[in-house]
Amino acid sequence: MTEIRRIGAHDRMVSSLGTAIVNGAIAPDEDLDVVALQERFAVSRTAVREALRVLAAKGLVGARPRRGTFVAPRRQWALLDADVLRWRFADSVDETFLNELGEVRLTVEPAVARMAAQRRTDRDLADLEDALAAMRAAVGKPAAVHVEADLIFHQALLRAAHNELMAQMATAVEAGLRLRDQFVHATLTSESADKHAEVLLAVRRQRPKAAETAMRELIERSIADVDLAKKAHSEQAGR
C-alpha cells in the first residue's frame, strides 16, 4: 500500500508540474526549488528528483551546475508527447495549436494512406474493416464513442503503412481527433463513415493516388468543421 501511495504521489506531482509549465503558470526559465517542491507535495527529495527527471525527458525542464533545475525554453518541449498534449488541453482548447495539428494531419495522413495502399497486408485490411464496422456502429452515439471508433480506423491505417516513423505520428492523430471533438462537439454521421469507407476501398484495391486523395478530402472536411465551430464560438462570445 505504501508503494502504491508513493507511485500515486509521484504521478500527481508530474501531472501538476507538467500542467503548470505547459499552461504558463510556471514560466520558461523560472527556477524550480527542490526543497519547496518537496514541502508542497509532501514527498521525499528523491521523489521530487524522479518527477523532475520525467519532465526533463519531455523537454520541459533543464538543469545546470550551480543554478539547479529550471523550466526549459518552449522550443525544447516535446509538444507531441502524449502527456504534454493532455496537460496542455486539460482545461481549454488552444485554437492555434488545433490549427497546427490539422496542418500536421493534412501533411501526414494522405501520405500514410498512399503507403497503406501500396503495402497493406490481409491482416491490415481485416483491421481496417473491423474499424470501419465500429465507426458505422457508432453513428448517432455520443461523441466519445465516435472518437474511439475514429481513432481505431486511423491507427489501423498508420500500421498498414508499415513505416515505423510514420507510426509515431499516432499521438498527433489521436490528439487532433480528441481536440476536434472537444471543440466541435460533433457526433459521427453516416456520411463521415462513408468517407472513411472510400479510403478503405482505395487501400483494398491498391490505388495509392485514390487513397491519398480520399484521405486528404477527409482531413479537409475535419478542418472545415473546426473552422465552423470557431466561427460559432466567436459569434457567441461577441453577443
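Buried means under 20% relative accessible area, exposed means over 50%, and partly exposed lies in between (1.4 Å probe, protein chains only). By that scale Asp-83 is partly exposed, with a relative accessible area of 26%.

This is a predicted model: local features need pLDDT of at least 70, side-chain atom pairs count only at pLDDT 80 or more, and totals for chains, interfaces and linings use all residues. Residues are numbered from 1 along each chain as its sequence is written, and side-chain values use heavy atoms, with hydrogens and water left out.

**Salt bridges**

A salt bridge here is a side-chain nitrogen of Lys or Arg within 4 Å of a carboxyl oxygen of Asp or Glu. The count comes to 14 salt bridges. The table gives three of these pairs.

| Pair | Closest N to O | Relative accessible area |
|---|---|---|
| Arg-114 and Glu-212 | 3.2 Å | Arg-114 28%, Glu-212 12% |
| Asp-194 and Arg-136 | 3.0 Å | Asp-194 36%, Arg-136 40% |

Asp-194 sits in helix α10 (residues 190–204) and Arg-136 in helix α6 (residues 122–137), so their bridge links parts of the chain 58 residues apart. Helices are DSSP runs (H or I, at least four residues), numbered from the N terminus. Salt bridges with shared partners join Lys-58, Asp-81, Asp-83 and Arg-86 into one network. Asp-83 and Arg-86 are 3 residues apart in helix α4 (residues 82–88), so about one helical turn separates them.Arg-114 bridges to Glu-212. Arg-114 lies in helix α5 and Glu-212 in helix α11 (residues 208–237), so the pair ties together parts 98 residues apart in sequence. Glu-212 is buried, while Arg-114 is partly exposed.

**Helices α5 and α7**

The axes of helix α5 (residues 95–119) and helix α7 (residues 143–160) come within 8 Å and cross at roughly 60 degrees. Axes are lines fitted to C-alpha atoms, for helices over the stretch in contact, and angles run from 0 to 180 degrees between N-to-C directions. α5 and α7 are therefore oblique to each other. Angles under 35 degrees count as roughly parallel, over 145 as roughly antiparallel, 65 to 115 as roughly perpendicular, and the rest as oblique.

Contact means heavy atoms within 4.5 Å. On the α5 side the contact residues include Arg-105, Glu-109 and Arg-119. On the α7 side they include His-154 and Leu-157.

**Val-48**

Val-48 is found in helix α3 (residues 45–57). At 1% relative accessibility, Val-48 counts as buried. Leaving out residues up to four places away in sequence, Val-48 touches Met-13, Val-34, Leu-37, Gln-38 and Val-43.

How values were computed
Helix = DSSP H or I, 4+ residues; strand = E, 2+ residues; numbered from the N terminus.
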